[in-house]
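Let's take a walk through a protein model together, one piece at a time. Have a look at the picture first, and then we'll start with a pair of strands.

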Amino acid sequence: MTQPEFKDFYILLPLIILTAWACVLLLADLFIPKDRKGITAFLAVLGLAVTLGFVVTQIGQSGAGFNGMVTLDGFSTFTSALILISGLLGIALAYGYIKRMGLERGEYYTLMLFSITGMMLMTQASDLIIVFLALELLSIPLYVLAAFARPNLQSEEAGLKYFLLGAFSTGFIVYGTALVFGATGTTSLSGIFTAASHNAPTLLLTIGAALLLVGFGFKIAAAPFHMWTPDVYQGSPSAVTAFMSSGAKIAGFAALLRVFATAFPILSVDITNVLWVLAALTMIVGNFTAISQTNIKRMLAYSSIAHAGYILMAFVPYGNKDVVATSVAAGLFYLFAYVLTNFGAWGVVIALEKSEGKGLEISDYAGLAKKYPALAAAMTVFMLSFIGFPPTLGMVGKFYLFRAIIAGGFPGLAVIGVLTSLVSAYYYLRVVVNMYMREGDPTIEREPWLDFTTAFTAIVTVSLSFVPQWLFLLASTAVLRLF
Amino acid sequence: MEFLLQPLTLLTFFPLVGVLVILFMNSEAKNAIRWVAMGTTLITFGLSLWVLTLFTASNPNLQLEAKYSWINVAGWNIYYYLAVDGLSILLVLLTTLLTPISVLSTWTAIEDRVKDFMIFFLLLEVGMLGVFLAQDLFLFYIFWEFTLVPMYFLIGLWGGPRRIYAAVKFFLYTMAGSILMLLAIIWLGNYGNTFSLPELIAKGGIPANVQMWLFIAFAAAFAIKVPMWPLHSWLPDAHVEAPTAGSVILAGVLLKMGTYGFLRFNIPLFPTATVQAAPWIALLATIGIIYGAAVSYAQADVKKLVAYSSVSHLGFVMLGLFALNAQGVSGAILQMINHGLSTGALFLLIGMVYEQTHTRELKVYGGLWKIMPVFGAIMLISALSSMGLPGLNGFVGEFTILLGAFGSKAIGSPWYAGISAIGVIMAAVYILYMFQKMFLGPAGEITKEHELKDLNWREILTIAPLLVLMFWIGFYPAPFFNLIAPAVGKLLIGY
């Protein structure tokens, strides 16, 4: 054990800044008058932006800190930046929404910041204890946020459900950690790798890893651990759902990849098969169940499950040193496209949502194109991007992803991927059909930040698909630092 | 930015200028919007004629190449790569010709959301031109998929009563094929470390068993688009529900994207698999020819009749392509153009009378000739062209195809051509049946009910270019064959 030095703190610098900022904001919020909570939102955005700035300065650097408890590498930088962008977009969506829904309380933004610190720690965690710590830090504020619309019953139900199932899944992770510790005598990821590589994997280690996988499966909402998702996503305030379905997923994927690629390459023979099945099942279940949804929030919930399946595909060959870099880069690229599209789509949902859960049926979108052509066009872009249709980033993402999967030697999985994409076209198109081809008289809420988010994500989704080079470069430099 | 000044870039993306202008116009200024769209498509047509003057007919290679590295990171070698050769030049011209004609045909037919209609129409033109010009698989795939989006809206927004069903069916069917092609494209990209088609063809050497899979994956996308029997069931729905201009483009150009795909990708990329598959494709094509013709005859709806006749006609094109000899392939390319001209004309004419009567039921028509002699005469020419009467374009194409198919080594048996020849006779049956029901005999109920007016000048002007070309190709096809022949010769070197 060595004493922490400056370089240890440097590795966690963005995280430290954001944590401090969140604590200060929690106090400062007490002095901000009730009718001017916009200031809190502004301060939160400022904090995230500054943190993002520090993350950007860390591009290309790598190192381990605090005795190998945390790691800084291209992967953590990329995912942290993506999480911070999610936070910024999440606040932009929430700003007008929580005011309109009568939910405006300062702690909303503070809770978001704390959750984001948890997510960022998750991307850097290279010790199972830190993973656990980060998981709790990101989850607990989210449980509160899910129930933020109390005493709305649906929101309370969402909060409770999320909490109970979240706690359950954390139990898996803790138990898995304990078993792995029992098998190897350490919780450090690199230590586990060294200990496990000396002899053949024991049953204890395998079970421990499997339990960890189950726990992460809950967090990223992979089938068959996805049961909580539709109810929670539907019940939570839409702005929270938008943030949850992006940020929490990024963090979950980050931890999943780091833990398995660093600690358990030795188990890859078995785990790769398990991941294969999980990815296939998630794509199939998510897409097929989405077909029968009539509520847009539930539909997007199932769609997010389906997309978790696509991203999971990228992690299937995690133990194969030759292809893992490419396929992880493809996964991250897809994650970026998904996050952007997801926020845009939720922005449209929020624009149409009325109080008491009205305006959330897909049939409520009828006639949108005639009255609000720009909004309908934006939604069409998001739907096409979800399907993977040009000219959108989703198409480039799917191309990259399928390419990595085929190069990785899993053409069967790629076939399942494209066939389920076809299925997804059916339900995404239904939104387009309603907007353009049916008569109706929808009304929307116009808020500058909401409009900005929707327009911004739509424009970026389209224009980046023509010049995806720099995103490719960023994603392909986002490699794991394997000690 | 140099690539922007390349002739083919200008040609492909010029319609976007019109889109931009229309975007900023008041949606109530319908006539102005129509004029802008018309002007844009006419200039695009002019640009395509300019490209034709730059094109050297005797050169069998890709010409006017615009090749720029586009995405070149992380092991991707994707080019922005447009070029034209004898296989595609006529299809490009057909596209740029049919688009202004279609725009003109909507002048009074489309009154609702004119602005959106024209935007989608111009976007569609960009997509179609891109498909015919792209020489990079990734770029091709983007254009190929992109054409779906505007067409989906054209059917779904301005179509008939079952338009939503037809639009979604069209979208899903086509996508089902193209996603398999996507996997094959990715495989090829990994294999050749490039997505450039000429480089992949030059590299060759794909193992025979893999070739078959790739062939099937590409064929799935193209066969649905053509459509080949038994994958045709989206076509009647899409055609019947689409607005007239949509049907013209659908039959005239979009179906050709399928046959063109076979020509551009399957035949040069997978020679072994092509030879193996040729008899099977010929079999499906023959079934399609007979089936399409028989089903056409049974239709009560004129538009459906013409729609099914496309299945039959494109069967001929497929038969010619997989004859894999110079006659067959040249005839097939010419027949693609012929089908675009004659079926395009038929859809336009049906649209013109539909605008007045609002019905397409064959049985309510009758005796139209007396009231609308000009319309009748033009319809007769188009019908005869479609059924392949000597002296008109259809004959030249079908005759050359059958000649090629009879002597084809690849198909292996003259029976396919023999049976297909029956299809020519059957075409005469259903086309003349349609003509007789509509134009001859006693006046039908619709003819009595409506005060039908003969074609006006705008309508005659719409159809005139097509008629001129029908006669031109019918009497003197040599200039067209001269454009095609060198590239076909090069294509078939390996066979």
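This is a predicted model: local features need pLDDT of at least 70, side-chain atom pairs count only at pLDDT 80 or more; totals for chains, interfaces and linings use all residues.

In chain B, strand S1 (residues 63-71) runs antiparallel to strand S2, and the two pair over 6 bridges. Strands pair if DSSP finds at least two bridges between them, and strands (E, at least two residues) and helices (H or I, at least four) are DSSP runs, numbered from the N terminus. If you want a spot to look at, find Ala66(B), which sits opposite Leu82(B) in S2(B).

Residues are numbered from 1 along each chain as its sequence is written, while chains are lettered from A and ligands numbered from 1 in the order in which they are written.

Staying in chain B, how do helix H6 (residues 148-158) and helix H7 (residues 163-192) pack? Their angle is about 160 degrees and their axes are 8 Å apart; axes are lines fitted to C-alpha atoms, for helices over the stretch in contact, and angles run from 0 to 180 degrees between N-to-C directions. H6(B) and H7(B) are therefore roughly antiparallel, the word for angles over 145 degrees.

Now over to chain A and helix H10 (residues 228-235), where 7 of the 8 residues are buried. Among the buried ones are Trp228(A), Pro230(A) and Gln234(A). The buried residues of H10(A) pack against helices H6 (128-146), H7 (153-184), H11 (238-263) and H13 (296-315) of chain A.

Is Arg298(A) buried or exposed? Arg298(A) is buried, because 20 other C-beta atoms lie within 10 Å. Leaving out residues up to four places away in sequence, Arg298(A) touches Pro230(A), Gln234(A) and Gln293(A), where contact means C-beta atoms within 7 Å. Arg298(A) and Pro230(A) are 68 residues apart in sequence, yet 5.3 Å apart in space, C-alpha to C-alpha.

Methods
A residue is buried if 20 or more other C-beta atoms lie within 10 Å of its own, exposed if 12 or fewer, and partly exposed in between; C-beta atoms are placed from the backbone. Two residues are in contact if their C-beta atoms, placed from the backbone, lie within 7 Å. Angles under 35 degrees count as roughly parallel, over 145 as roughly antiparallel, 65 to 115 as roughly perpendicular and the rest as oblique.
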